[in-house]
Amino acid sequence: MTDSPPTDLEQDGQSAGQRAASNVESPAEEARNETPLAQDAGDPASDVTSPDAGAAGPRSAQHSLREGFAAFRSVREAQARHAEARSELHGMRERLERDTETLRRRLDIEERYPQIVAEQSAEREQAHEQAAEALRRAEELEDERGKLDRQLADLKRSDEERLRPYRNLAESTKGRSDDAARALAEARRVAKSAEQALSEATRQRDQRISNANRAVDNARERLRSVQSELEEQGAGEREGSEAGAQLARELEKERRHLEAARAEVSDVSAEADKDVEAAQQRLFDQRKLVKQAERDAEATKAEATERRGEYDELLRQSQEAQRALGEQIKERTSGAEAARREREEAEARAKVADELLEEAEAIHASPQETIELRREIARQQTDLDIQQDVVDALARDERALRKGTFRQRLVVVVAILAGVALVAALVGVLLINR
């Protein structure tokens with residue numbers, strides 16, 4: 001881009017900036033005007049005693065301190081002016097960069113205006129077509145999803161009606177199987193009781209027969225004892241004696257007891273055998289019932305297992321069919337959502353194309369704004385150069401001021417350090433005396 005001759009506005013900007021730069025007073029000069037250096041501080045002549053020597057010392061120290069504080073204030077003010085100028089320079093540079101980028105974009109768009117119009121028009125048309133196609137596809141998928149939703153609801157109702165008899169049959173056969181299992185458990189419990197009753201009847205029979213046989217043995221023993229006593233007495237002694245008659249009566253009584261005991265054994269054996277046979281018959285009958293209950297339980301359990309398997313198979317087939325429809329519904333839903341996103345993306349592209357076209361039309365229709373922006377950038381560049389000179393001058397002045405007032409500021413620092421040392425010494429003395 002060739003440099004054009006400065007316009008009146010640019011010349012006014014340059015002259016104004018130059019006047020501003022020339023009016024900047026050197027901070028070093030201000031500091032020197034405000035704080036004259038005590039150049040004669042080291043003159044040997046000043047050591048000559050005079051009548052006013054006692055008062056000149058304190059006044060000279062006060063004067064040095066005042067100069068030092070004034071020097072510090074001048075350096076601080078110069079530093080603030082330098083920082084403010086740098087900040088203004090930074091803002092001017094940022095504005096110039098923004099405007100330069102805007103001009104570059106305007107020139108680029110103006111140069112490629114026909115190409116931009118052709119490309120963005122085609123992009124907008126294509127984006128509108130893609131958005132319309134995505135919308136059509138989304139509506140189609142959503143319509144299919146609605147049909148599948150209704151189909152799934154109908155399938156669930158029909159499956160429920162179709163499976164209800166099988167579920168009821170499975171539940172009823174399961175109930176019968178449970179009843180048969182409980183009946184078998186009861187039959188086994190009764191059979192166990194019958195076994196225990198048979199064992200008890202057998203034990204009682206053996207006990208009663210044993211007791212009866214023991215009574216026979218006792219009667220036989222007593223009879224033998226009486227017979228032995230009678231045999232020990234002679235025939236003469238037995239005749240006509242009361243003891244012999246008594247033994248004869250005892251012998252007859254023991255014979256009757258023995259016969260009675262033997263009859264009791266027969267009666268007890270017969271009665272006990274009847275009780276045992278009755279217990280055995282009950283056990284036999286109960287075991288038959290147990291076997292029948294086992295056959296019934298096995299049959300009902302097999303039927304319940306078969307009915308449950310039949311129902312589970314039908315239920316599995318129904319769930320698979322419903323799951324297949326559910327997968328189709330998910331596919332339609334995800335497809336519709338993807339189509340909706342494609343439409344949004346296409347509409348966003350169309351919007352960007354419209355914005356680019358509007359921007360290109362606006363720039364193409366306003367060439368004067370480009371010319372004005374170019375002039376404004378030239379003015380900003382001139383002002384930026386002037387401001388850079390001002391910043392450089394303030395930086396030099398600040399460095400010169402710092403260097404020129406070093407002794408005055410050093411006096412203040414030394415005085416402060418001396419004061420601190422004095423206070424520390426006083427405090428130390430007070431602490432030692434305490």
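1. Partly exposed, as used in this note, covers residues between buried, under 20% relative accessible area, and exposed, over 50%. Glu133, with a relative accessible area of 36%, is therefore partly exposed. Please keep in mind while reading that this is a predicted model.

2. Let's begin with the overall fold. Of the 434 residues in the protein chain, 25% are buried. The accessible surface comes to about 29,100 Å², and carbon and sulfur atoms account for 52% of that surface.

3. Ala85 sits in helix α3, which covers residues 53–111. Is Ala85 buried or exposed? Its relative accessible area is 6%, so Ala85 counts as buried. Leaving aside residues up to four places away in sequence, Ala85 touches Gln387, Val391 and Leu394. Ala395 is 310 residues away from Ala85 along the chain, yet the C-alpha atoms of the two are separated by 9.8 Å.

4. Now to the charged pairs. Side chains of opposite charge can pair when their charged atoms come close.

5. Start with Arg137 and Glu133, whose side chains meet in a salt bridge at 3.9 Å, N to O. Why are these two separated by about one helical turn? They are four residues apart in helix α4 (residues 113–232), which means about one turn lies between them. Arg137 is partly exposed, at 26% relative accessibility, and Glu133 is partly exposed as well, at 36%.

6. Further along helix α4, Asp178 and Lys174 are also four residues apart, about one turn of the helix. Their side chains form a salt bridge of 3.1 Å, N to O. Asp178, at 29% relative accessibility, counts as partly exposed, and so does Lys174, with 44%.

7. Asp179 has a salt bridge with Arg182, and the closest N and O atoms are 2.2 Å apart. This pair lies in helix α4 too, with a spacing of three residues, about one turn of the helix. Asp179 is partly exposed at 44% relative accessibility, whereas Arg182 counts as exposed at 53%. Elsewhere, salt bridges that share partners link Glu133, Arg136, Arg137, Glu140 and Glu342 into one network.

8. Which residues form the negative patch? They are Asp383, Asp385, Asp389 and Asp392. Asp383 belongs to helix α7, residues 367–404, and is partly exposed at 30% relative accessibility.

9. The other patch is nonpolar, about 520 Å², and is made by Phe72, Phe406, Leu410, Val413, Val414 and Leu417. Which helix gives the most to the nonpolar patch? Helix α8, residues 406–433, does, with five residues. Phe406 has its place in helix α8 and is partly exposed, with a relative accessible area of 48%.

Note on methods. Residues are numbered from 1 along each chain as its sequence is written. This is a predicted model: local features need pLDDT of at least 70, side-chain atom pairs count only at pLDDT 80 or more; totals for chains, interfaces and linings use all residues. Side-chain values use heavy atoms; hydrogens and water are left out. Patches are made of residues with over 30% relative accessible area and no salt bridge: like charges are joined within 9 Å, nonpolar side chains (Val, Leu, Ile, Met, Phe, Trp, Tyr) within 5 Å. Accessible areas come from the Shrake-Rupley method with a 1.4 Å probe; for residues, only the protein chains shown count as cover. A salt bridge is a side-chain nitrogen of Lys or Arg within 4 Å of a carboxyl oxygen of Asp or Glu. Lys and Arg count as positive and Asp and Glu as negative; His and the chain ends are not counted. The place of a charge is taken as NZ of Lys, CZ of Arg, CG of Asp or CD of Glu. Buried means under 20% relative accessible area, exposed over 50%, partly exposed in between (1.4 Å probe, protein chains only). Contact means heavy atoms within 4.5 Å.
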